[in-house]
Amino acid sequence: MTQPTQHRDRGDRCPGVRRVHQAADGGIGRIRLPGGRAHARVLGDLADLAERFGDGDVHLTSRGNLQIRGIADPGGFAGAVAAAGLLPHPAHDRMRNILSSPLTGRLGGAADVGPLVGEVDAALCADPALADLPGRTLIAIDDGRGDVLAEAPDLGLLALGGDEFELILAGTPTGHRAGRDAAAALLHDAARAWAALRGDAWRIAESGRAGQVAAAVTAHRERRAPTPAPAPPAAPVGWLTQDDGRVALAAGLRFGVLPGRIARALAHLDCPVRVTAGYSLVLLDLDEDIAEAAVRALAPAGLIFDAASDWLRVTACTGAPACAKALADTRGDAAAGIAGDLLPAGRVHFSGCERRCGAPKTGFVDYLAVAEGEYEVTDRAGRRPPPVDSRA
Ligand code: SF4
């Protein structure tokens with residue numbers, strides 16, 4: 001099946017560390033942590049950056065990246081990010097959009113894909129031909145549970161178990177398989193094919209070239225029937241017992257905003273942390289007594305550990321006044337809707353304009369601003385990407 005072709009008449013404007021995007025509230029700088037993987041001490045560095053150069057908060061994006069908003073000194077910001085070790089590949093900074101399953105190696109999944117994230121990042125960043133991949137191209141390494149595959153990545157790998165991995169293109173498994181030792185090379189080949197074929201397109205599914213990318217990889221490898229995409233699990237929330245008996249704490253953030261003072265407090269936990277595409281953080285490898293103390297201290301401060309919280313199902317773009325395109329204060333209106341119990345059941349997303357930044361991939365109730373405080377409300381059906389046909 002061929003797909004509609006869309007081309008862009010301008011370069012993508014995704015911000016990076018050295019390319020700050022200007023918004024109504026100042027510059028936006030974006031920091032990428034491949035796989036969302038870091039140590040909690042990095043949250044302290046981010047708090048420093050937010051307080052020194054931005055509005056004091058760290059803002060999570062729907063792709064698990066981190067933003068500092070309100071930057072008035074872009075050069076100083078870039079230098080400080082580099083000094084903190086958060087700009088290891090300046091030429092490839094904006095293309096390192098790599099998601100991975102946040103609980104991989106700790107709980108569930110068909111394989112621990114953590115080490116593979118590092119291998120893929122290193123392979124892509126060592127290739128000059130990939131430095132200009134658009135900031136919009138999304139890569140995901142899914143450990144078999146289907147959580148980051150559900151984000152419809154352009155390129156990725158799905159763990160099948162038994163040290164086998166399958167290539168993902170345009171949000172679907174393709175049947176192209178590789179063993180653990182060749183998995184990073186398989187993804188690298190697909191990324192090179194996309195870089196050569198994309199023209200001025202940003203996303204594979206939009207480009208109409210998914211089949212050509214698949215065919216370029218097929219030329220060198222055996223292909224089997226594509227694996228059905230696993231049904232994505234519910235996002236992890238709250239207290240989770242790891243396979244080794246230690247505790248993982250998954251904490252939701254209201255509208256993805258991590259206040260600097262909370263980031264600083266989390267840094268003291270001295271543990272691995274994962275940033276998710278669901279506006280949450282997962283703190284790993286905690287002893288029970290530390291986890292209990294963390295929940296007691298951080299829940300009153302605003303971190304969400306309750307899976308039933310409305311704050312986990314209601315999202316909103318930045319909105320007014322920070323975004324000049326916004327017709328309404330989306331976050332203020334969404335918060336008022338939660339406080340007044342005025343919103344419908346299920347996922348709800350507020351957008352200040354038709355770009356719908358950060359809207360969920362699957363079905364949700366769409367609140368689209370048409371004027372200050374006024375919204376057009378539509379129940380939007382979930383969209384599943386079509387299969388990739390390498391004959392296209
Ligand atoms: S959806 Fe529109 S108003 Fe909201 S942040 Fe994006 S561009 Fe701004």
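**Close-up 1. Phe-255 and Trp-311, both of them buried (under 20% relative accessible area, where exposed is over 50% and partly exposed lies in between, with a 1.4 Å probe and protein chains only)**. The model is predicted, so that local features need pLDDT of at least 70 and side-chain atom pairs count only at pLDDT 80 or more, while totals for chains, interfaces and linings use all residues. Residues are numbered from 1 along each chain as its sequence is written, and side-chain values use heavy atoms, without hydrogens and water. Five aromatic pairs are counted, a pair being rings of Phe, Tyr or Trp (its six-membered ring) with centres within 6.5 Å, called stacked with planes under 30 degrees apart, edge-to-face over 60 and tilted for the rest. Phe-255 and Trp-311 form an edge-to-face pair, 5.4 Å centre to centre with 75° between the planes. This pair links distant parts of the chain, 56 residues apart, with Phe-255 in the loop between β12 (247-252) and β13 (257-259) and Trp-311 in the loop between α8 and β16 (314-316); helices (H or I, at least four residues) and strands (E, at least two) are DSSP runs numbered from the N terminus.

**Close-up 2. The stacked rings of Phe-350 and Tyr-367**. The ring centres of Phe-350 and Tyr-367 lie 4.5 Å apart and their planes stand at 25°, so the pair is stacked. Phe-350 belongs to strand β17 (residues 348-351) and Tyr-367 to strand β18 (residues 364-371), 17 residues apart. Phe-350 counts as buried because its relative accessibility is 2%, and Tyr-367, with a relative accessible area of 13%, is buried. Ring pairs link Phe-350, Tyr-367 and Tyr-375 into a cluster.
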